[in-house]
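Here is a friendly walk through some charged pairs and strand pairings. Have the structure open beside you as you read.

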Amino acid sequence: MAFNINEMRSQLVYGGARQNLFQVRINNPANSSGDLKSPFLVQAAQIPEAQLGVIPVFYFGRQMKLAGDRTFGDWTVTIINDEDFLIRNAMEEWSNQINRFERNVREINRYKSNATVIQYAKDGTALREYKFNGIFPSVISPIELDWGTTDQIESFQVTFSYDYWTVSGGATDNAGGE
């Protein structure tokens, strides 16, 4: 029945998932000193998108679309910066070991790692867990400094490239599975 709030309410059995009930774990293969802080200081992230390419096929002027290859966009997290710069330093070291700032050399062979985003229910139980496989930092954003900014804590973003993601938990336990 249209325009009936009770019908809408009956579909939100659990009251809706909350955007702020999540945690991120990042495994840094070059410098793990910030790994223990990342679940507490990653303040924003995303559940990854699922994207399939499209192959257009034409027949007598009409287009038919076929499913193409799966692609994985970048994944960006926002991190609160503490005065110890622990996570920032670890991310810079990871990036630097992949390709040195002053020389065009790699000093780490296994530079790819993994990260996890866990979505929690309002009662604290884990609903779903997304695992990013083959991640590495491709962009570490600047930290903006401004004398006119007050009552704010520094933050920065790290954009990761990754090979693929998998998901576990919830009604579709293998949605992003293998």
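## A charged pair with Glu107

Let us begin with Glu107, which is partly exposed at 39% relative accessibility. Keep in mind that this is a predicted model. The side chain of Glu107 meets that of Arg103 in a salt bridge, with 2.5 Å from N to O. Arg103 counts as partly exposed too, at 43% relative accessibility. Neither value passes the 50% cut-off, so neither residue is called exposed.

## Other salt bridges

How many salt bridges does the structure hold? There are 6. In general, side chains of opposite charge can pair when their charged atoms come close.

One of the salt bridges joins the side chains of Lys37 and Asp84, at 2.5 Å from N to O. This pair ties together distant parts of the chain, 47 residues apart: Lys37 sits in the loop between β1 (22-26) and α2 (38-41), and Asp84 in the loop between β5 (75-80) and α3 (86-98). Lys37 is partly exposed, with 23% relative accessibility, and Asp84 is partly exposed as well, with a relative accessible area of 37%. Asp82 joins in too: Lys37, Asp82 and Asp84 form a network of salt bridges.

## Within helix α3

Now look at helix α3, where Arg88 and Glu92 lie 4 residues apart, about one turn of the helix. Arg88 forms a salt bridge with Glu92, and their closest N and O atoms are 2.8 Å apart.

Is Arg88 buried or exposed? Arg88 has a relative accessible area of 12%, which is under the 20% cut-off, so Arg88 counts as buried.

## Strand β7 and its partners

Asn114 has Asn133 in β7 as its bridge partner. The hairpin of β6 and β7 has 5 residues between the strands, and in this hairpin Gly124 takes a positive phi near 95°.

β7 also pairs in the antiparallel sense with strand β9 (residues 164-168), over 5 bridges. Here Lys131 has Thr166 in β9 as its bridge partner.

Conventions. Residues numbered from 1 in each chain as written. Predicted model: local features only at pLDDT ≥ 70, side-chain atom pairs only at ≥ 80, totals over all residues. Heavy atoms only, no water. Salt bridge = Lys/Arg side-chain N within 4 Å of Asp/Glu carboxyl O. Helix = DSSP H or I, 4+ residues; strand = E, 2+ residues; numbered from the N terminus. Buried < 20%, exposed > 50% of the residue type's maximum accessible area, 1.4 Å probe, protein only. Pairing = 2+ DSSP bridges.
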